[in-house]
Amino acid sequence: MSVIKKFLYVNRRAPHGSIYALESLEVVLIGAAFDQDVALAFIDDGVYQLMLNQDTSGIATKNFSSTYKALGDYDVNKIYVEKESLEMRGLSKENLLPLTYEDEDDDWAEKDSIQIVTSAELSDIIDNQDLIFSF
Amino acid sequence: MKFGIMVNEGPYTHQASDTAYHFTAAALNNGHEIVRVFFYQDGVNNGTRLAVPPQDDRNITTRWSELAAQHDLDMVLCVAAAQRRGLLDKDEAKRAGKDTDNMAPGFNISGLGQLIDAGIQADRVMIFGD
């Protein structure tokens, strides 16, 4: 019997200024092929990774933000964004990429992948994982 | 217990690779199994055979190589992270038209799937780095 583990990728850093966000996303995309139970969490400056309208032309680095939109196609549809981190930065869900997936258990209805969760709720989610990669 | 080891920092700047090494050696000496040591991000820099640290200091790469030889350790550098940072085995060097490889003994280049696989196989994955 194949093992299914719960993998959580915790993204804590801004998308640009270091490679952590990009190399986290690369693990997520490769890991999606392994049929595991995958979730992503965005906390602290990590919430900036999901910002709409990113433009890296001024710093001449790769703008990989559109790649997050592909997560739904990889069956990565549990994306938790910490409410407190958003609020501290004056952000709300409207500032984030509209990430969606098609729910195969609900006649392929298009649904939001992003769930805004409180710090306390995220603690429970973290408690419930088998494996946590923090970037 | 079966451990997977992930090393995300290069040698010398941070202590992460030293700590990972000591943890891995201690686990093996206490009868535990190491599924794999996976080097990611700047951690791939642990695999270069071209570093020449001063003789009165530890040689982090050589130490990993020796541990791998003693215990038949599976040590993997992530290919995407390695290519970015100039860590090449013979095949990669040839493919990229470079005049040398720089892979130290015991290190192999493979994909991120090896990290996920280690996560599935291991009872615990220990992550060393920032």
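Tyr80(A) stands opposite Gln115(A) in β6(A), and this pair belongs to the parallel pairing of β3(A) with strand β6 (residues 114-117) of chain A, which extends over 4 bridges. Strands here are DSSP runs of E with at least two residues, helices are runs of H or I with at least four, and both are numbered from the N terminus; two strands pair if DSSP finds at least two bridges between them. The model is a predicted one, in which local features need pLDDT of at least 70 and side-chain atom pairs count only at pLDDT 80 or more, while totals for chains, interfaces and linings use all residues. Residues are numbered from 1 along each chain as its sequence is written, and chains are lettered from A and ligands numbered from 1 in the order in which they are written.

Strand β3(A) also has a partner in strand β2 (residues 37-42) of chain A, with 3 bridges joining these parallel strands, and there Tyr80(A) is the bridge partner of Ala41(A). In a regular strand the side chains alternate between the two faces of the sheet. Both faces of strand β3 (residues 79-82) of chain A are covered, since Ile79(A) and Val81(A) on one side, and Tyr80(A) and Glu82(A) on the other, are all buried; buried means that 20 or more other C-beta atoms, placed from the backbone, lie within 10 Å of a residue's own, whereas exposed means 12 or fewer, and partly exposed lies in between.

Turning to the other chain, which residues of α2(B) are buried? They are Ile60(B), Thr61(B), Trp64(B), Ser65(B) and Ala68(B), and because they cover an arc of only 140° around the axis (the arc of the directions from the helix axis to the C-beta atoms), they lie on the same side of α2(B). On the other side of this helix, Ala69(B) and Gln70(B) are exposed. Just after α2(B), Asp72(B) takes a positive phi of about 55°.

Finally, the two chains meet: 11 residues of chain A are in contact with 12 residues of chain B, where contact means that C-beta atoms, placed from the backbone, lie within 7 Å. Helix α1 (residues 20-31) of chain A supplies the largest share of the side of chain A that touches chain B, namely 5 residues.
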